[in-house]
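Subject: Structure for you to look at

Hello,

Here is the structure I said I would pass on. My notes on it follow below.

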Amino acid sequence: MRGVFFKSISCLLLTLFVMGLCGCAKKNEQVGHRGSSEVKSAATRTIVDQVGNTVYLPEKIERVVIASVWPLASVYCQMFGTDKLVGLDPAIVSAAENSMLIKIAPDIGTIETGFSKNGNLNAEELLALDPDVVFYTSGVMADYDIATQAGIPAVGFSLSIKDYNAVETIHTWIEQLAAVMGVEPSDNSAYVEYGRKIQQLVADRIATVPEEQRPRAMFIHRYDNATLAVPGTGTWADYWITASGARNVGSDNAGTPSVSIEQIYSWNPDRIYITNFNDALPQDLYNNSLGGHDWSSVEAVKNQQVKKVPLGIYRWYVTNTDSPLMLLWMAKQHHPDLFSDIDMNQVTADFYKEFYNLELTAEDIQSIWNPVREAAGGA
């Protein structure tokens, strides 16, 4: 690569040798920027990230790469715009171009994406961006390995740190991002307060609904001619369903396994939600046009209660800065009478004005509720 990189590798090998002799190596500590022990000693800050690693950081972060933690772009842009972003995973840009994120960060499509191909980081391309820090998700530890072996501090963000409570998870991401970037998380106190008020509002209104009166619901996370994947416990789907006053028909399963159409006949859900991580739409179920399956006997299909998950600042299925809106939308789907006073169009417009300084048009709002096939992506 460049001379400083080879020099750094030599320093790293020497450091590891000495640490091995002294028996003082610590498993969860990262070496500082460029892999050099000299930089590590010069680093002025450390944080412990959500993976549990101690990360050595320079005093000022000037160049940021967001890798596998795709929803974090919504948080970063809400807090900082695109300032200091030098690299984004291609999936982030693809989602942004089909969402409201492009409106609050119109230059996001110009940020470099070539360092990541098919979800795999290229160390040489990553080094060429000269980042001060790389952000990755706890589910893709290969990103951590590649970045730190290249001598770049890598900060992990956990998807399950709050048991998939998407609203509270985003609050923790704000805190960690603020710590890395050297700002006060209190700057987002109004946003955090809003999220907690929505959680309390929903919880209070559904509290007296008996279990047997809560609709049976399920998400379809992946759906094509070969796969029909329905999330069970330990997923965002389970959080959204239960927190909004419904019952997850897939709760006997953990994770997001593939299931048969016969299993869905047995569950017979009242509500079905299709994520934006696949390109299926409600009409595919209504018309039996995908996967060779006959959905006509399923209660949600018979009653036209199949919904595509909204796509606002990001895909609402996963944690993102629109998560309070997703919780309220879900609760209104399940208990329309309890939430008849909630106008989601107005609530969404007010939310975007307050927290993104963006005036949504009527067309914008309708695009949030009705994502197109082309907006699908990821896994």
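Predicted model: local features only at pLDDT ≥ 70, side-chain atom pairs only at ≥ 80, totals over all residues.

R216 opens strand β9 (residues 216–220), which pairs with β12 in the parallel sense over 2 bridges. Both belong to an open sheet of 4 strands with parallel pairing, in the order β12-β9-β13-β14. The edges are taken by β12 (247–248) and β14 (306–308); each has a single partner strand, so one side of each has no neighbour in the sheet.

Helix α10 (residues 236–243) lies across β9 and β12 and runs at about 150 degrees to β9. Helix α14 (residues 323–334) packs on the sheet as well, where it touches β9, β13 (271–274) and β14. The direction of α14 makes about 150 degrees with that of β13.

The loop between β14 and α14 contains N320. Is N320 buried or exposed? Its relative accessibility is 0%, so N320 counts as buried. A polar atom of the N320 side chain lies 2.8 Å from the backbone nitrogen of D322. Leaving aside neighbours within four places in sequence, N320 is in contact with P71, S74, I170, Y191, I313, Y314 and R315.

In soluble globular proteins, nonpolar side chains tend to be buried together.

I92 is found in helix α4 (residues 90–97). Because its relative accessibility is 1%, I92 counts as buried. Not counting residues up to four places away in sequence, I92 touches I66, A67, W70 and A73. I92 and I66 are 26 residues apart along the chain, and their C-alpha atoms are separated by 8.7 Å.

There is also a hairpin, made of β1 and β2, with 5 residues between the strands. G52 takes a positive phi there, near 105 degrees. Strand β1 (residues 45–48) and strand β2 (residues 54–57) pair in the antiparallel sense over 4 bridges, and T46 stands opposite Y56 in β2.

Finally, some totals for the chain. It has 16 helices and 14 strands. Of its 379 residues, 54% count as buried. Among contacts with a separation of 6 or more, 67% are between residues 24 or more positions apart. The accessible surface comes to about 16100 Å², and 49% of that belongs to carbon and sulfur atoms.

Regards

Technical notes:
Residues numbered from 1 in each chain as written. Heavy atoms only, no water. Buried < 20%, exposed > 50% of the residue type's maximum accessible area, 1.4 Å probe, protein only. Contact = heavy atoms within 4.5 Å. Pairing = 2+ DSSP bridges. Axes fitted to C-alpha atoms, helices over the stretch in contact; angles between N-to-C directions. Polar contact = N/O pair within 3.5 Å; in protein donor to acceptor, adjacent residues only side chain to side chain. Areas by Shrake-Rupley, 256 points an atom, 1.4 Å probe, with all protein chains shown as cover.
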